[in-house]
Amino acid sequence: NITDRAVSKWERNESLPDVTMIPKLAEILGISCDALLIEDIVSVTMDIDKILSEVREQKNIELQIEALEETLEKYPNNEEIIIELIQAYSKASDLPKYNEYRDKLVKYAEYVLASTSNLQIKYHITQMLCYVYRDLKEYDKIRKLAASMPRLEQCREALISFNA
């Protein structure tokens with residue numbers, strides 16, 4: 001009960017089947033649900049890696065941003081794409097659309113801070129946001145972010161110094 005048009009979109013990677021259809025599709029294809037999902041994950045990961053590699057080779061920051069925004073439309077909420085986009089926005093300070101890019105940087109950076117469990121990413125994004133908030137003269141937000149950072153005596157260097 002699926003239209004040819006829907007299947008064609010799946011094949012062109014323009015959309016994905018509803019998750020409730022996975023067991024039936026796996027049965028029709030004669031593979032396990034895990035195999036079907038893993039194949040899709042591998043395919044998506046390879047596509048994202050290829051796009052990001054091409055974007056990183058692009059020297060024009062506006063073209064980088066455009067490509068990353070298009071990729072994010074295709075793969076919404078992908079942390080790797082969002083982080084790459086945040087970094088591209090941060091490099092656009094000389095461009096006429098910087099205010100628009102800065103606002104998007106803040107939106108995506110706040111999203112990543114709220115959603116990631118990766119501490120290295122959190123600290124990197126926190127640092128970038130503090131610089132943007134400083135430019136916006138939003139000092140209360142800087143204080144709040146700074147308070148969320150670990151104290152110096154909790155860092156690796158401080159712990160190593162106790163062993164000396």
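Colleague: How much accessible surface does the chain have, and what share of it belongs to carbon and sulfur atoms?
Modeller: This is a predicted model, in which local features need pLDDT of at least 70 and side-chain atom pairs count only at pLDDT 80 or more, while totals for chains, interfaces and linings use all residues. Residues are numbered from 1 along each chain as its sequence is written, and side-chain values use heavy atoms, with hydrogens and water left out. Accessible areas come from the Shrake-Rupley method with a 1.4 Å probe, and for residues only the protein chains shown count as cover. The accessible surface of the chain is about 11,600 Å², and the share of carbon and sulfur atoms is 54%.

Colleague: Which pattern does the chain follow along the sequence?
Modeller: Helices (H or I, at least four residues) and strands (E, at least two) are DSSP runs, numbered from the N terminus. The chain has nine helices and zero strands. Its pattern is therefore α-α-α-α-α-α-α-α-α.

Colleague: Is the chain a compact globule or more spread out?
Modeller: The C-alpha trace spans about 60 × 50 × 30 Å along its principal axes. The radius of gyration is taken over C-alpha atoms, and the globule rule is 2.2 Å times the number of residues to the power 0.38. For 164 residues that rule gives 15 Å, and the chain has 21 Å, well over it, so the chain is more spread out.

Colleague: What percentage of the residues in the chain is buried?
Modeller: Buried means under 20% relative accessible area, exposed over 50%, and partly exposed in between (1.4 Å probe, protein chains only). Of the 164 residues in the chain, the buried ones make up 30%.

Colleague: What covers the buried residues of α6?
Modeller: Helix α6 takes in residues 98-115, and its buried residues include Y98, Y101, R102 and L105. Contact means heavy atoms within 4.5 Å. The cover includes α4 (61-74), α5 (79-90), α7 (119-135) and α8 (139-148).

Colleague: Which residues is T126 in contact with, leaving aside neighbours within four places in sequence?
Modeller: T126 is found in helix α7, where I121, I125 and M128 are among the other buried residues. The relative accessible area of T126 is 4%, so T126 counts as buried. Its contacts beyond those neighbours are L113, L145 and M149.

Colleague: Is N77 buried or exposed?
Modeller: N77 lies in the loop between α4 and α5. N77 is not a glycine, yet has a positive phi of about 65 degrees. Its relative accessibility is 53%, so N77 counts as exposed.

Colleague: What is the relative accessible area of K137?
Modeller: K137 lies in the loop between α7 and α8. Although K137 is not a glycine, its phi is positive, at about 60 degrees. K137 is exposed, and its relative accessible area is 60%.

Colleague: How far apart in space are P23 and N1, C-alpha to C-alpha?
Modeller: P23 has its place in helix α2 (residues 22-29) and counts as partly exposed at 45% relative accessibility. In sequence, P23 and N1 are 22 residues apart; in space, C-alpha to C-alpha, the distance is 15 Å.

Definitions and conventions: Expected span 1.5 Å × (residues − 1).
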